[in-house]
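Please examine the sequence and model below with attention to charged pairs and helix packing. The paragraphs that follow take these topics in turn.

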Amino acid sequence: MSTTVHEFTIHVHQIENYRFEVEFDKPNHARLALDEPAPLGQDTAPSASRILAAAIGNCLSASLLFCASKARVPIGPIETKVAVEITRNDKGRLRIGKVRVAIDPRVAPELRESAGRCLDLFEDFCTVTQSVRQGIEIDVTVEGMSPASAV
């Protein structure tokens, strides 16, 4: 059983064609442009798939950093590489088939053993990665497009 701890809402606005802008719930957060690669969009900004890859890489890196700091093991600067494999499902639709993450925390050789326990723990504390791995319930409504409103 899960309990809601925090909730937030963002807004996504269409700018032109497949170019969108994300407005976050905090005024101090910069707006984020999104665009699809050609032939749909103009590739002027990252796509949603790239943002998801960034979220996974950031979350894992931050979780490892947090664990290492709790263990008093200095690490960094962390360099993380996220490779995303785009595949087609049985209906021919594009999907994220696999995500490979390589994290280089730059741990001094004499401290690697001390940081070892973090390797067993940090992934479990990454909100984004664990949610994506397990699947996320997503409820979708399209305003003004339900069959009842089309009449």
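Asp 104 has a relative accessible area of 38% and is therefore partly exposed. In this predicted model, the side chain of Asp 104 meets that of Arg 106 in a salt bridge, with 3.3 Å from N to O. Arg 106, at 41% relative accessibility, is likewise classed as partly exposed.

The whole structure contains five salt bridges. One of them joins Arg 100 to Glu 85, whose closest N and O atoms lie 3.7 Å apart. Because Arg 100 belongs to strand β5 (residues 94-104) and Glu 85 to strand β4 (residues 79-88), the pair ties together parts that are 15 residues apart in sequence. Arg 100 is partly exposed at 42% relative accessibility, and Glu 85 is partly exposed at 36%.

Arg 133 pairs with Glu 123 in a further salt bridge, the closest N and O atoms being 2.8 Å apart. Here Arg 133 sits in helix α3, while Glu 123 sits in the loop between α2 (112-121) and α3, 10 residues apart. Arg 133 counts as exposed at 52% relative accessibility, whereas Glu 123, at 30%, is partly exposed.

Helix α3 (residues 127-134) also packs against α1, at an angle of about 125° and with the axes 7 Å apart. The two helices are therefore oblique to each other. Among the residues making the contact are Leu 52 and Leu 60 of α1 and Val 128 and Val 132 of α3. The contact residues comprise seven nonpolar, two polar and no charged.

Helix α1 (residues 48-70) also holds Ser 61, which is buried at a relative accessible area of 12%. The Ser 61 side chain reaches the backbone oxygen of Gly 57 at 2.8 Å.

Note on methods: Residues are numbered from 1 along each chain as its sequence is written. This is a predicted model: local features need pLDDT of at least 70, side-chain atom pairs count only at pLDDT 80 or more; totals for chains, interfaces and linings use all residues. Side-chain values use heavy atoms; hydrogens and water are left out. Helices (H or I, at least four residues) and strands (E, at least two) are DSSP runs, numbered from the N terminus. Buried means under 20% relative accessible area, exposed over 50%, partly exposed in between (1.4 Å probe, protein chains only). A polar contact is a pair of N or O atoms within 3.5 Å; within protein, one must be able to donate a hydrogen and the other to accept it, and residues adjacent in sequence count only if both atoms are side-chain atoms. Axes are lines fitted to C-alpha atoms, for helices over the stretch in contact, and angles run from 0 to 180 degrees between N-to-C directions. Angles under 35 degrees count as roughly parallel, over 145 as roughly antiparallel, 65 to 115 as roughly perpendicular and the rest as oblique. Contact means heavy atoms within 4.5 Å. Ala, Val, Leu, Ile, Met, Phe, Trp, Tyr, Cys and Pro count as nonpolar, Asp, Glu, Lys and Arg as charged, and the others, Gly among them, as polar. A salt bridge is a side-chain nitrogen of Lys or Arg within 4 Å of a carboxyl oxygen of Asp or Glu.
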